[in-house]
Amino acid sequence: MSQTISSKRFTIKGIVQGVGFRPHVYRLAVELGLKGWVLNSSSGVFIEVEGLTPKVDEFIHTLLEQPPPLALIKSCQVEELPVRNYADFEILDSVEQEGHEVMISPDIAICDNCRREVLDPSDRRYRYPFINCTNCGPRFTIIKDVPYDRAKTTMAGFPMCPECAAEYGNPLDRRFHAQPNACPVCGPRVWLTDKHGRPVHSQVIDVLKSGAIVAVKGLGAFHLAADASNREAVRLLRKRKRRDAKPFAVMARDLEAARQYCWISKSEEQWLLSRQAPIVVMKSLNHPDIPGDLLHPGLNTLGVMLPYSPLHYLLFDDDLDLLVMTSANVSDEPIITDNHEALDSLADIADYFLLHNRDIFNPCDDSVLSCTDISTNIIRRARGFVPQGIRLPGNCRQESVLAVGGDLKNTFCLTKGNEAFLSQHWGDLGNYNNYLNFTVGIERFKNMLKVTPAVIAHDMHPDYQSTRWAMQHNHLPRLAVQHHHAHLASAMADNGLSGKTIGLICDGTGWGTDGAVWGAEVLIGDYREFKRMAHLAYMPFPGGDLTAKKPYRMAFIYLYQILGERAWEYARKWLPDLSQPEADIIINRLCRGEQLMTSSCGRLFDAVSAILGVCPINRYEGQAAMELEAIANPDECGVYPFQVKQQPDGLIMEVNSIWQSIVHELEAGVAPTTIAARFHNSLAALFTETVRLVAEQSGIDQVVLSGGVFNNQILLKLLVESLTRNDMKVYVHRQVPAGDGGIALGQAAIASEVTD
Ligand code: ZN
Ligand code: ZN
Ligand code: FE
C-alpha cells in the first residue's frame, strides 16, 4: 500500500516571536520525520512541512494543541503545496514583510531553569545578572523594532561569544534563538558606583545592609532599594524622595520570606509566582521587624513582588529578605531608565548606584494588582502585561483607532484589526516629561504595530493634556467620549460584552455633558451611545482641585448642606484643619450659588474620611478613601437610611440622611471604625437599590462596575454580592484597571464602533 506524501504551508499569527516558537517547531518536525523549514517574518511565522500525510496532520494538531508555554496562537492559515522534496528541516533567517502581524511579547520573569543556573556555583552563569532563555527574560523593554531579532534590540551591541553562539544555534538547546542570550564573557555587565558615578569595590548587598539607599537599574526602569527592616533607611528614603505618605512597594527574597510579612491567599501566591511577576497588594501581618508605619502609613496592606530579574538575586541573602523597591523618580516625574540621567537626578536620594550597560528602550513600571475571592483587580497595567493585545468584541472598523486616555494614570490605546493594545502607564500628563513620554510612546506603538491611526478618540474634558494633543492632530477625524461612557465601554470590552448594559461608574472626576463634575453615575449604554439614568445628588464643589486635595473642605460642604449655619460649630470640633476664614470663604461661595457642582463618589469618600479624622488632607490621589477603607470594621453590618428619588431627568441618590446619621453617631461617641464600615455598607445598599430600579425600568440585567472607586475591595465585594442576589449579572474589570488607567480601552472600543 503506497503512503501519500503531502506538503503544506502554515502561516501562524499571534505571540509567536521571542517565545521559543521556531525551536519548538523544529523539534516537533524532526521528531515526526518531516522535512521543510520554519521562518520568522514581520507578518507571522511561516512553516512548510513535507512528509507522510498522517504525520503532517499530527504535526499541526500537536502544534496548535501544545504550543510553547509563552506562545499565544491567534490564527493559523493552511495552504496545500506541490511536493518539493526537501532534504531536511531547517530554520531559515528572518525576513521583513508587509503586514507586521507578529505581536511583541511582554517581559517575562526569570524561569525556573534559569533561576537554578544563576544560583548554581558550578554554572558558567552563576550570579550572572542577565541570564535568560527562550522562556524568560527581557522582551518589550529592549525591543526597538520588529521582527524580533537581536539586531533590533538593545542587545545589538553585544556580539555573542562562541559558547553563547553555539547555544543560540543549537535547535536542541533551550537558548536556541533566545535573542538576548548572554554570559559573563560576552554580555552586559553590572557595576556599583558611589553617588558621583565612581566605581566602588563593595558588594551591593553589603551597602544595603549598612542602611544605604541604592538606585538599581532593573528591567524597565530604575528602582530605589533600601533594607525594609531598617527603620532609619526607610525614613531617610521617604524624606529624600519627598514622599511623605504614599505606600512603598517591597521585594521579598522568595515566597517564604513574603509569607512572614503578609497573609497570602492561593490566588495571590499564583500572581506572585506568575511570569508577569507584578506587585501584589496583600494584607499586612504587621510584622514587628519592619516599620509598617513608614512602609504603608495609614493602610493595612503591603505591596509585595518577588525577584523577577536575575539581577535581583544580587540584592538578597540569608540575612536580608525584604527590600523597599520603589520607582526611582522624583515626586510625579517619569521613571528613570538611563544611567546618566539616574546619576544626575537621583544624586540627592541614592547613596549608591547599581548600573548596567544594557539599555532600556521602552520604559515600563512594575504592574500592581490586588486579589479578592471574586476577582483580580489590576491597579496598574505595565511590565509583564504590555504590549499584549486585548480582543475587542463585536464588529470593529478595520482602520486603526488611537484613543489617548485620561489625564491621571494615563495610558493610551491603539487598535489593529479587532485587537486593542493598551500602552504602559505614563502617569499624570500634567507633568511635562510624562507628557513627552506619552507622545514618544504613541510613535513607538504605531511603529511596533505598523499601523497609522485613522481616528483619534479623546476625553470630553477640554483641559486634559491628552485632549489638547488630540486637538493638535486635527488632520484626523476626532471623537470626544464622555468620561463615564468610556469607563462603561472599557468594562464591557474587558469582559467581551455587547448589547445594552447598565454601568455603575464611581470615580473621582469626569467631565459631564451638563458642565458638572460627574463621579457616581448609573448609565445605560453600549459602544454607540449612553443615557444617564441616575447619579449622586449634586453637591457644590467650590475650589475644584483644591477641594479634591483637601477633603476637610468637602466635609464642611456636606456639613453645611445638612446643618446650615450650625455647620461651623461642628466643624470646629471635627475638622481642625479648617480655619474660620477658610470656612467663611466656602460659605460665601456656597451662598453665591454659582460654583461647579459634582456627583463625585471620590469626594464623598474624602468628606467622610475627613469628618472621621482619618485623613483630612490627600497627600496622594485616593489617600483619604484608602485609609477610610483600611479602618472599616469588617464585622460591622449596620446600614444608614438613604433615599433614591425619581426626578424628571432620572434617579437621584440622596446621601443627606447618611450624613445625618454619621453626625449623630460621632456626637454619640460611636467609633470611627464602626462608622466607616456602616458608610461602606450604606453606599453599597444605595447603589444596589438604584441599579435594581434602573434594571426594573429597563429590563436589562447585565451590569458592569467601573471607575477608580472600585479599587475599594469592601465596596466591590458588597456590591457584587448584593447585585448578584438581586438576579443581576455583574461584571468587574479583569484585564485593565477600573480606574482611569483603563479608559483608553473604552474610548477605543467606542471609536471602533460608532464611526463605522
Ligand atoms: Zn529562562
Ligand atoms: Zn557568551
Ligand atoms: Fe475616571
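In this predicted model, six strands make up an open sheet of mixed pairing, in the order S17-S20-S19-S18-S21-S22. Strands here are DSSP runs (E) of at least two residues and helices are runs (H or I) of at least four, both numbered from the N terminus; two strands count as paired if DSSP finds at least two bridges between them. Strands S17 (390-391) and S22 (478-481) sit at the edges with a single partner strand each, so one side of each has no neighbour in the sheet. S17 pairs with strand S20 (residues 419-422) in the antiparallel sense over two bridges, and Arg391 stands opposite Glu419 in S20.

A word on the bookkeeping. Residues are numbered from 1 along each chain as its sequence is written, while chains are lettered from A and ligands numbered from 1 in the order in which they are written. Because the model is predicted, local features need pLDDT of at least 70 and side-chain atom pairs count only at pLDDT 80 or more, whereas totals for chains, interfaces and linings use all residues; side-chain values use heavy atoms, with hydrogens and water left out.

Two helices lie across the sheet. Helix H12 (residues 465-472) lies across S18, S21 and S22, at about 145 degrees to S21. These angles run from 0 to 180 degrees between N-to-C directions, with axes fitted to C-alpha atoms, for helices over the stretch in contact.

Neighbours within four places in sequence aside, the contacts of Phe438 (heavy atoms within 4.5 Å) include Phe412, Trp426 and Trp469.

Now the metals. Donors are N, O and S atoms within 2.8 Å of the metal (3.2 Å for Na, K and Ca), and water is not among the atoms, so sites may look incomplete. The zinc ion (ligand 1) is held by the SG atoms of Cys111, Cys114, Cys133 and Cys136 at 2.3 to 2.4 Å. Its donor angles of 103 to 121 degrees make the arrangement tetrahedral, a label that for four donors requires all angles between 85 and 135 degrees. Both Cys111 and Cys136 are buried.

Cys164 is in helix H4 (residues 162-169) and Cys183 in the loop between H4 and strand S6 (190-194), so the pair ties together parts 19 residues apart in sequence.

The iron ion (ligand 3) is coordinated by His483 (NE2), His487 (NE2), Asp507 (OD) and Asp740 (OD) at 2.1 to 2.3 Å. Here the four donor atoms subtend angles of 88 to 170 degrees, which makes the arrangement irregular. Both Asp507 and Asp740 are buried.

Methods
Tetrahedral: all angles 85-135°; square planar, octahedral: opposite > 155°, others 65-115°. Buried < 20%, exposed > 50% of the residue type's maximum accessible area, 1.4 Å probe, protein only.
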